[in-house]
Amino acid sequence: MAGYNPSSIEKKWQRVWQENRIFSADMRPATPKYYVLDMFPYPSGEGLHVGHPEGYTATDIVARFKRAAGFNVMHPMGWDAFGLPAEQYAIKTDTHPVVITRKNIDRFRAQLQAIGFSYDWQREVNTTDPGYYRWTQWIFLQLYDTWYDSKLQKGRPIAQLAAEFESGHRALPPSAGNKSWSQLAAHQKRRVLDEYRLAYEIEAPVNWCQALGTVLANEEVIDGKSEVGGFPVERRPMRQWMLRITAYAQRLLDGLDALDWSESLKMMQRNWIGRSEGALVRFAVAHCPPEVTVFTTRPDTLFGATYLVLAPEHPLVDLSAEQNIIPAAWPAGIPDRWRSIAGSPREAVAAYQKTAAARSERQRQEDNAKTGTFTGAYAINPVNNERIPIFISDYVLMGYGTGAIMAVPAHDQRDFDFAHAMELPIRRVVSAAADQPEAGKLPLESPGFAVNSAQLNGLSTAEAKTRICEHLEHKSLGTRQINYKIRDWLFSRQRYWGEPFPLIHLPDGTTVPLAESQLPLTLPEVKDFKPTGTMEPPLFKAADWHQVHVLLDGPPENLQARVVPPGTPGAIPARRELNTMPQWAGSCWYYLRYIDPENTTRFCDPEKEKYWMAGGVDLYVGGVEHAVLHLLYARFWHKVLFDRGLVSSEEPFRKLVNQGLILGEAEYTVFVLESGQYVSLADIDPEFSTQVGEDGKSQIISRHKSTGALVVGKPCDPATVEKRGDGFVLKTDNSIQVDARSFKMSKSRGNVVNPDDVIAEYGADSLRLFEMFMGPLEQVKPWSTAGVEGVYRFLQRVWRNLLGGDDNVFRVVRQHADGKWTCHGRELSAPDVEVALRDVAAILRPMHRLIRKVTADIDRLAFNTAISAMMEFNNALTKLTFVPLDAALNLLRVLEPFAPHIADELYHELAGPDAAVSIALLPWPTFDERLCVDEELDVPVQINGKLVGRIRIAATSDEPEVFSAALADPQVVNRLAQRPIKKKIYIKGRMINLVV
């Protein structure tokens, strides 16, 4: 048979798998399930690069292994296809996003199928399909219909809240005035309920990008510019839909403990949620009715508060509000530094607010430079009645705590920096030592002992916190409080290409949900996707779509709007919501839709959900870039669905693994002086910078360590470099060490590797194997085309071992029921049978060790070491005269999850007419633990730690037998030269050492 040619077999087996539905996952309640999930991709026009299939290959290996191990495996794939990139491309090319998205999905699907992933393609989902986002809209309506009962720690239907108001079991909020529930009009009841809904609308400061015509999430803004396009972004107030994820903050924290996630990933989630315990403290404002409420985790430092800082967006500094605290003129005697250049506090505050509005929250948090301005107002410190100034600064965020902080510069680095910048007093109130009032360098942020704090003096930080909280509560100046860093989720975008909100705005200013019978609410067909040039979203242009007439049905708490033709009796004019949902929406629940993708009456059948989600998704693999937001958002939605009795598990993802990034091929740089002389990497300053070279491209530059002379980095061909020790040197001069590093794949850098090209040259199995052989799944790894060639050669050797090569030398032998031995249909002679029997015995134990090793390695996702074991076993086969059929089939069975195409081809060649449709249908091989150890061991013998020989012993030999065999060996006897042995050491199965 001809040699290994992947292009001739891979498409063939992909068709067989698809036509026979080899990987379909049907309900089998009596069979244990295993749900293995990939973070589904955004289908961009660029298609996949070789970094994308890494996680998909890992999950595919596990899926194939678990099927063979007897599990009912669901391994689906779909597309996260709404979002800004497709909309921007549509605007640029005047092509509808539907067309672009369909084309991109087709490309991605073809690429994934070419790699041979065992997806159940009948479960494919697409977030832009109305049949899918009909249920995204429905789930949003469940959020809209839910409020969080903090006493029961559970989301409940909004009708139950209305019932509690009506019965008097729950007090109405202040917004109801002094009226009872029955005295409120219908629209007033709706407004009260809106204050409690998990989905609610407020006017919030947002990241507005005029050029893109949309609001951007904080993570979509980099250095004050949009991540897409690099356009300027400013902060503006806008009516926005929010999701009350903060209500679930503690449950999101508590749920992490039971999950099989890495501790580093859990810590990222915990830090984002940011639970902190402290106190709410009320500061009166001098000569002004309002109070400033501050949340602090260190109430024990209250005596050290020398000023307050408010966020620029704080309502008390809103110049348009009646209750603002800004005086008309500067107070007398303040430092010039506080006045800025403005003529009045109002002018100073307005100017600073404008500057702060141009900066993203990320910039405000990360920038070390502390800026701000004095408001002209003073607060009264409640513990000592000291008059302290109130500033505004953008290092305080309105979304965290109360948007105001008490500044204790002696014990907080940010406050310390701001105090220095503004020449404000710094007062120590904590010492690092109980007996030394000034112990510890300022700012001292760690716990210690209270000083300069009246009744708290001498107390430890923990004791002082308790004492001051008791004092504040007794004096009605504050209360204990638990706070969270996480903020409610901004859930609306000013885009066309997103899920429309199923909401109707009524003439009375209230909002009601669209009747479920009218879902999905599809996007209108429009030709113009461009921004309106105002803060109105693109859907504003579709007047016929958003200006509607509706009939209202139901009580205030469950009122629904049904769109009807104009002129329908009883109908009133109304308006649809113009914003669309963010791309996150569809990805919050897609794992549930995979379970029942064709269901038109439910988002998921309860029995199917209960079966597949028992314990949650069993393995979820994806990039670390989604380690926080996507996972928090999906967990939040899932917990709401659980509270409403719509899913059976409280957590969606039981086990989660983040695969490491695959970087581009290593790039090599050699450094040269102006004279052209090479300089070794070890001889230059490691702090590199860049300059623009004569060719207009960026060059790496540095300085010679000893002379300070300028050195310039020049790219060098990988063929001119070789590895030496831990580094790389020039082949022509090994004294010149070169810089070697890899970079993230990007079109701009020109280092993107297309998997299509790799498959065309080496085959999909080589791509799969190499991606797993590069190193541990979670590690960052550089791509290497030479490495692909290496695994390709391994597959060629497997092929030659089992089928022969161009020389047509066949070596696989089998024993038939009648006792005869054949090789490729030829009966073996008696001498060959003896050789075959010896080969069977020789490979038996290595075969069982291989099965044990690969089984254990797949379970712990150690794919690289499993591949190494297969390579070693294949080398062992090479040394045999004949390859036993059992050994060949077992090698192919454990190889199949990694390289399924060649495994199926070789299996069918060897198994003949009795072969199953696919090797994937065969059970996973078992191993005998007793056969995983050798009968005999080859043990090195040392004298005084120096190797002198080797002996063969039975694996079951005890120490006396081992030492007897060693002392009987002629080489050992000769080297001992009759010297007395002082000590005998035996490390079982590994080494003997005789000390003389």
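1. A word on the basis. The model is predicted, with local features needing pLDDT of at least 70 and side-chain atom pairs counting only at pLDDT 80 or more, while totals for chains, interfaces and linings use all residues. Residues are numbered from 1 along each chain as its sequence is written, and side-chain values use heavy atoms, with hydrogens and water left out.

2. Let's stay with strand S16. Helices (H or I, at least four residues) and strands (E, at least two) are DSSP runs, numbered from the N terminus, and two strands pair if DSSP finds at least two bridges between them. S15 (residues 373-380) pairs with S16 in the antiparallel sense over 5 bridges. In the hairpin of these two strands, 6 residues lie between them, and asparagine 385 takes a positive phi near 60 degrees. S14 (residues 307-310) runs parallel to S16, joined by 3 bridges, with valine 309 opposite phenylalanine 391.

3. S16 (residues 387-392) has 5 of its 6 residues buried, so the strand is largely enclosed by the rest of the structure. Buried here means under 20% relative accessible area, with exposed over 50% and partly exposed in between (1.4 Å probe, protein chains only).

4. Now the cores, each a set of buried Ala, Val, Leu, Ile, Met, Phe, Trp, Tyr and Cys residues joined through side-chain atoms within 4.5 Å. The largest nonpolar core holds 183 residues, and Trp637 and Trp783 touch the most other members. Another core, of 37 residues, lies apart from it and includes Ala279, Ala305, Val349 and Ile388.

5. Aromatic pairs deserve a look too: the whole structure has 53 of them. Rings of Phe, Tyr and Trp (its six-membered ring) pair if their centres lie within 6.5 Å; planes under 30 degrees apart count as stacked, over 60 as edge-to-face and the rest as tilted. Phenylalanine 117 and tyrosine 119 make a tilted pair, 5.6 Å centre to centre with 55 degrees between the planes, and both residues are buried. The rings of tyrosine 119 and tryptophan 121 are edge-to-face, because their centres are 5.5 Å apart and their planes stand at 85 degrees. Tyrosine 119 and tryptophan 121 are both buried.

6. Ring pairs also link a cluster made up of Phe140, Tyr144, Trp241, Trp489, Phe491, Phe501, Trp584, Tyr633 and Trp637. Arginine 197 lies over the face of tyrosine 144, 4.1 Å from the ring centre. Elsewhere, the charged end of arginine 387 sits over the ring of tyrosine 378, 3.9 Å from its centre. The criterion is NZ of Lys or CZ of Arg within 6 Å of the ring centre and within 35 degrees of the ring normal.

7. Next, an open antiparallel sheet of 5 strands, ordered S23-S22-S26-S24-S25. S23 (511-513) and S25 (560-564) each have a single partner strand, so one side of each is left without a neighbour in the sheet. The twist averages 50 degrees from one strand to the next. Helix H5 (residues 130-144) packs on this sheet, touching S22 and S23, and its direction makes about 125 degrees with that of S23. Contact means heavy atoms within 4.5 Å; axes are lines fitted to C-alpha atoms, for helices over the stretch in contact, and angles run from 0 to 180 degrees between N-to-C directions.

8. Finally, an open sheet of 4 strands has mixed pairing and the order S44-S43-S46-S45. Its twist averages 20 degrees from one strand to the next.
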